[in-house]
Amino acid sequence: MIPITTESGITIPVAILSKGLQGILSDFLPYILLVITAITAMGSIIAKVVKPKCILENEFLNTLFNVTPVWFVIRLLSVIFLTCAVFEIGPEFIYGGATGGLILADLLPVLFTIFFFAALLLPLLLNFGLLEFAGALLVKVMRPVFKLPGRSAIDCIASWLGDGTIGVLLTSKQYEDGFYTEREACVIGTTFSLVSITFTLIIAETVGLSHMFIPFYLTVTLASIIAAILVPKFGPLAKKKDLLIDGSAPKYTESLPKGYTSFTYGFEKALDKAKHQSIKQCILVDGFKNVIDMWFAVIPVVMGVGTIALIIAEYTPVFKILGLPFYPLLAVLGIPEALTASSTLLAGFADMLLPSILISGVESDMTRFVVACASVSQLIYLSEVGALLLSSKIPVNLKELFIIFLQRTVITLPVIALIGHLLF
């Protein structure tokens, strides 16, 4: 996760490994992805129809294949959508470059390779003391400001330097292991799974503002911090319970024992955690389980839900109609071409790139700046992070995600617009 400088700019080793693997497997990735979705669908059919003991009595396989009816249907649809996209057969609205083809070409290869390295190496981040050390150091910031454990700062940093999906993956794993309550997991997953620096640069380039990247990203950061403070104070996040995944109350404490500083206490806890770990167990067993879990559980959901969302955005006026209520707000905020801008905002719920693509032809630099910053600050988009949250153990549903998305949009827009007026 340590940032390094390359010819292409600042990145992290996991991202370099991911791109390298994409390059090696580029010709085969579509077929590998199709095989994964097919195995997932077949496994789910067998679990639902045949109900063999080898699946139902195995905790890992049962969790992987014995899914709810809604996710069962999504998995079947994902095989159909991916088959159409890989072989370019069937209705064009399914495999077109703005729908299923976009997800196959731009999203799934990144997810496949990021999941491989991030999930495989995730135990090194989780099990050898880093979270205990960071938790003790940062609790004085995270707890009073965000009402979250200090260790949650690592989720944010992992997203910021790597990818939002890594942050969700970290959060889900921590929730399953009993380190976060229901409320904490939901808040972290929907608030701190920030868009990576790399992807933010892509957004800035899409709207022709890459030369303003530093003020662009600082604006997104400020808006996201304000949203992180305010959004959890309202429903649905405010209604989440402070109970662990097993329904029990959290027993951990973050108060410092006498005679310790934050540094010394965190360092001692980190060493104690690391003493009881095995590299072999963490990488060869837990790591590969993480990889399989993420590949088989998430990729079909991203393909299924993402394609449906992009079809709605591309071929229906749904998002334009839903965006109309934002027109008065944008007009009051003094955004040029407010009506055009309002029609793009809700498209971000389908995919983060959509608003920037839709607004890229507008002449006003300020309008493009505001829409692009808003799309990054919204965080919840169904083609990736939204689908990942829904398929994880984090207890949040589609309706709640949409409400949180709207709350983030309303809260961040005035902040972004104010900075836009100062810059332009």
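**A walk through a helical chain**

Okay, let's start with the overall make-up: the secondary structure of this chain comes to 22 helices and two strands. Helices here are DSSP runs of H or I with at least four residues, strands are runs of E with at least two, and the numbering goes from the N terminus. The radius of gyration is 21 Å, close to the 22 Å that the globule rule gives for 424 residues, so the chain is as compact as a globular protein of that length. That radius is taken over C-alpha atoms, and the rule is 2.2 Å times the number of residues to the power 0.38.

Quick word on where this comes from. It's a predicted model, where local features need pLDDT of at least 70 and side-chain atom pairs count only at pLDDT 80 or more, while totals for chains, interfaces and linings use all residues. Residues are numbered from 1 along each chain as its sequence is written, and side-chain values use heavy atoms, with hydrogens and water left out.

Now the whole chain. Its C-alpha atoms fill a box of roughly 60 × 55 × 45 Å along the principal axes. Buried residues make up 53% of the 424. By buried I mean under 20% relative accessible area; exposed is over 50%, and partly exposed is in between, with a 1.4 Å probe and protein chains only. The chain exposes about 18400 Å², and carbon and sulfur atoms supply 68% of that. Those areas come from the Shrake-Rupley method with a 1.4 Å probe.

What about contacts along the sequence? Take those between residues at least 6 apart: 74% of them join residues at least 24 apart. A contact means heavy atoms within 4.5 Å.

On charge, there are 27 positive and 29 negative side chains, and the centres of the two sets lie 11 Å apart. Lys and Arg count as positive, Asp and Glu as negative, and His and the chain ends are not counted. Each charge is placed at NZ of Lys, CZ of Arg, CG of Asp or CD of Glu.

Let's go inside. In soluble globular proteins, nonpolar side chains tend to be buried together. Which residues touch the most other members of the largest nonpolar core here? They're L108 and F216, in a core of 129 residues. The largest share of this core, 16 residues, comes from helix α7, residues 100–126. A core like this is a set of buried Ala, Val, Leu, Ile, Met, Phe, Trp, Tyr and Cys residues joined through side-chain atoms within 4.5 Å. Leaving out residues up to four places away in sequence, L108 touches L33, L82, I103, I299, V302 and M303.

Next stop, helix α11, residues 182–191. How many of its residues are buried? Ten of ten, so it's mostly covered. Among them are E182, R183 and E184, along with C186 and I188. In the loop between α10 (164–176) and α11 sits Y180, which is buried at 0% relative accessible area. The C-alpha atoms of Y180 and T206 are 26 residues apart along the chain and separated by 37 Å.

Two serines are worth a look. S342, in helix α18 (residues 338–345), is buried at 1%. S342 touches G323, F326, Y327 and L330, again not counting residues up to four places away in sequence. S262 is in helix α14, residues 262–275, and is buried too, at 13%. With that neighbour rule kept, S262 touches A136, L137, K140 and L256.

Over in helix α17, residues 326–332, we find L329. At 25% relative accessibility, L329 counts as partly exposed. L329 and P257 are 72 residues apart in sequence and 50 Å apart in space, C-alpha to C-alpha.

Last, some backbone details in the loops. Where is the cis peptide bond? It joins G235 and P236, with omega about 5°, and P236 lies in the loop between α13 (213–230) and α14. Then E337, in the loop between α17 and α18, has phi near 50°, a positive value in a residue other than glycine. E337 counts as partly exposed, at 39% relative accessibility. L379 also isn't a glycine, and its phi is positive, about 65°. L379 lies in the loop between α20 (365–378) and α21 (385–391). Is L379 buried or exposed? Buried, with a relative accessible area of 2%.
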